[in-house]
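This report describes selected parts of a protein model, one region at a time. Please keep the sequence and the 3D view open while reading.

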Amino acid sequence: MIRLIGILVGLAFTFTVVWAFGWGAAAVIGQGYLVEETAEHEFHEHPKDVNFAHDGAFGKWDLQQLQRGYQVYKETCSACHSLDYVALRDLAQLGYSEAEVKAEAANWTVPGIDPNTGEATTRPGTPTDYFPSPYPNDIAAAAANNNAIPPDLSLMAKARHDGSAYIYSLLTGYQEQPAELLRRFPDAETGVGLYYNPYFPNLNLAMPPPLSDGQVTYADGTQASVDQMAKDVAAFLTWTAEPTLVKRKQTGWAVLGFLIFATVLAWLAKKQVWAPITPVRRKD
Amino acid sequence: MSFPWANQYQPKAPLMRYLDEKLPLPRLVYNAVGAGYPVPRNLNYWWNFGVLAGFALTLQLITGIVLAMHYAPNATVAFGSVEHIMRDVNWGWALRYAHANGASFFFVVVYLHIFRGLFYGSYKAPREMVWLIGVVIFLLLMATAFMGYVLPWGQMSFWGAKVITGLFGAIPLVGEPLQVWLLGGYAPDNAALNRFFSLHYLLPFVIVGCVILHIWALHIPGSSNPTGVEVKSESDTVPFHPYYTAKDGFGLGVFLIIYCVITFFQPNALGHPDNYIPANPLATPAHIVPEWYFWPFYAILRAFTVDLILPAKLWGVIAMFASILVWFFLPWLDKSPVRSGHYRPMFRKFFWFGLIPAMVVLFWAGGAPAEEPYVMLSQIATAYYFLHFLVILPMLSWLERPEPLPFSITEAVLGEDKKAVLGENTTPAT
Amino acid sequence: MATTTGSAQPEATAAGEGVRRRDFINIAAVSAAGIGGAATLIPLISQMAPSKDVLAESTTELDISAIEPGMAIKAVFRKQPVFVRNLTAAEIQAAEAVPTGSLRDPQSLAERTKEGHGNILVTMGVCTHLGCVPLGAAEGENKGEFGGYFCPCHGSHYDTAGRIRKGPAPTNLEVPDYAFTSDTTIVIGQESA
């Protein structure tokens, strides 16, 4: 009885979904293509190949590079982008001494309260403060940026596929819209106030190219080309997204080493335990 | 409840004897997973996954309880509290990655465990109850995992919650009020997040209870085995301890190695980058996908694209739930007297060349965007999925001629060789 | 105990060395599992210790230039009240006049202040009895019988050096670690060099 009901129910589901398949197939045949071609489909590019010192299973931070990246963030990105989840004290991890962190923190202006009147005011940052936001709230951010809210950068390297390379590619990827794109998709012309960038999912980005050669002066004398700055800030934002990245991999090796050792022992013990009852040929 | 030749628990130390009189907990463990539980001697490594699932459950409970000491289930601070765990709490990053990837590996292990049961006919009499409780555990596991994924309150958390609770909205008449009731609002917000946290903490303990029932029910008939032939004599079995504790110990080591490679070197590979963006009710991600372990069911949900008597959306919801509910009827749909797929020539073909490819397609299509050719492929796979369980399996028992079974487990272990014996000596290695 | 195999050929277990080697591998495997299990306790236990953000706020920097003699300020150090008092000459005299030996918790005022800053008394605002916040730091509050601090919970009286003089509290108000980074700035929670 259950089997008969089962067969009927099964046929009902099968028929319905095959029916849906029929309609879908008819639509595909009718329009002559599987997926409609769009400019995003055709011209979006995957992030460029770029190497960092922290890549790979044995990677370590390049502290010099992180410091340069911090400088790029401070002097360029921070005008519009916040770093909400990173504390100023975290800068100690970039190789700054305690005094340097304190001095660096004081360079930032954070919201404060006047101790006498209780009114909102500003004060120099201390290491326990978090990076201040450039805008008091989202509405102010949208209003100042043509309705496009600059995203928080703390987790950007983890919030995009292949995030570190994505940041680098986006910053170095601004270009003229290809003629072929305009020929095939005349409607996809980059609008006013937008900038063509094939590494951005919908190709048109509200952020103007933020970097230009020599924009910052690196303390360590590194040439501040757009490529160099993009790479440095991508490394810095990888660190802000996951400050524990290097420690994670190092811990991983210790754990794996132990596990492999223990598993070999477990394998030997298993063989040992099973040996007496494993079938053998009689020896007579 | 056990075979007459099972080892008897005989405590020697006075303290253990005292305990055995007052509260025979050691005896219970001895008879459940110790030397007092005789197990078929021919279990292969597919039989490791039950113990591994138990391990994964324990791992999730421990890491979860610890994470709850730092997590704040409030929509304004939930995302930040997860980042606080990742950055400031001692070892917080390790605990959170262990928990997030632990969920994935729990599903890997459970899927392999279910796959074992499906191929070797573990759901058949006399083990129907073991199977039914197992399906209940799986449903609870899905609910727990879904609510756990909402807690970080990222974009995928929010939109996943919105889509899944939206499914209830497809139910005629009561759907919309039900959805509002589930969420405690009109969209996922603080009320929903709080109750999801509460239930995410509660359900694992319900799962623990069901696991105890699952093991209890298993011990009535005893474990199945790859031949599907029931235990006939003492030579068919070995004590669980030390034989299968040793084998499970090795299996656990291999499991942990794979798990730790992912957790320490690719901890975000199984997640979605969008969940590192705080929840934003005003911006939908480009395409919403659940975690990978829900992809087959998500594919079935989306395969029903055309109204037919009922609205397409309702068909999808019914089919998605039905795809798991059919498992409840499996012991009575498949009435073939032979359990193991090894001795069922037609079943074997449908299993390897029908069900497995269909599942692969459903996994793949469920994670892909809702566009062609993925939708059409998932429709074919969905059709096969229902045909397999509801039409093919019931009919096979009429049509199929099983291959001859070995007389006993011992015979299967010894094979053709008349001179083979079961071991070098008869002294049990304890 | 039941035999676990159906073999018809009983053979003596290899005695001696064989048994020992077998035991060794099993013991090693079980020990490895034990060590692994114990190692996982490290993160599980240390996660409950103060997190980095809490540790970062474990010092308090105070500007004490505005405290007039005879006045005190109440500040927060590690989420607990701390009193900083600028003692008047009379208060210092009163504290020094008491023979140290007669005290429940013998300490002189000099031991409770920093050299060169004998008029600045920094104490925790936490009664050593059961942890209430004593009165006396703010103007107009009851300073107790000895002109220092008075704990209203169970009536502990502290003198001008913050020493227990009467009531149930067992010890003097705790002087936290602190250091002068300049003549007018102290950092509480930092040991003085």
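Strand E6 (residues 156–159) of chain C is covered on both faces. C:Ser156 and C:Tyr158 lie on one side, C:His157 and C:Asp159 on the other, and all four are buried. Buried means under 20% relative accessible area, exposed means over 50%, and partly exposed is in between (1.4 Å probe, protein chains only). Helices (H or I, at least four residues) and strands (E, at least two) are DSSP runs, numbered from the N terminus. The model is predicted: local features need pLDDT of at least 70, side-chain atom pairs count only at pLDDT 80 or more, and totals for chains, interfaces and linings use all residues. Residues are numbered from 1 along each chain as its sequence is written, chains are lettered from A and ligands numbered from 1 in the order in which they are written, and side-chain values use heavy atoms, with hydrogens and water left out.

Strand E5 (residues 147–151) of chain C pairs with E6(C) in the antiparallel sense over four bridges; two strands count as paired if DSSP finds at least two bridges between them. C:Tyr149 has C:Tyr158 as its bridge partner in E6(C). The two strands form a hairpin with four residues between them, and C:Gly155 in the turn has a positive phi of about 75°. E6(C) is also joined by two bridges to strand E7 (residues 164–166) of chain C, again antiparallel. Here C:Tyr158 stands opposite C:Ile164. The hairpin of E6(C) and E7(C) has four residues between the strands, and C:Gly162 takes a positive phi near 75°.

## The open sheet of chain C

Strands of a sheet pair through backbone hydrogen bonds, either parallel or antiparallel. In chain C, three strands form an open, antiparallel sheet in the order E2-E3-E4. Strand E2 (72–77) and strand E4 (120–124) of chain C each have a single partner strand, so they stand at the edges and one side of each has no neighbour in the sheet. On average, neighbouring strands of this sheet are turned by 25° against each other, direction ignored. For such angles, axes are lines fitted to C-alpha atoms, for helices over the stretch in contact, and angles run from 0 to 180 degrees between N-to-C directions.

Strand E3 (residues 80–86) of chain C pairs with E4(C) over five bridges. C:Phe83 has C:Thr123 as its bridge partner, and C:Val84 stands opposite C:Val122. In a regular strand the side chains alternate between the two faces of the sheet. In E4(C), C:Ile120, C:Val122 and C:Met124 point one way, while C:Leu121 and C:Thr123 point the other way. Five of the five residues of E4(C) are buried.

## Chain C as a whole

Chain C has three helices and nine strands. From the N terminus on, its elements run α-α-β-β-β-α-β-β-β-β-β-β. Of its 193 residues, 36% count as buried.

Contact means heavy atoms within 4.5 Å. Among contacts in chain C between residues at least 6 apart in sequence, 52% join residues at least 24 apart.

A:Gln71 lies in helix H3 (residues 63–75) of chain A. Is A:Gln71 buried or exposed? A:Gln71 is buried, because its relative accessible area is 14%. Leaving aside neighbours within four places in sequence, A:Gln71 is in contact with A:Val216, A:Thr217, A:Tyr218 and A:Ala219.

A:Lys249 is found in helix H9 (residues 245–274) of chain A. A:Lys249 is also buried, with a relative accessible area of 7%. Beyond neighbours within four places in sequence, its contacts are A:His54, A:Asp55, A:Gly56, A:Ala57, B:Phe264 and B:Phe265. A:Lys249 and A:Gly56 are 193 residues apart along the chain, and their C-alpha atoms are separated by 9.0 Å.
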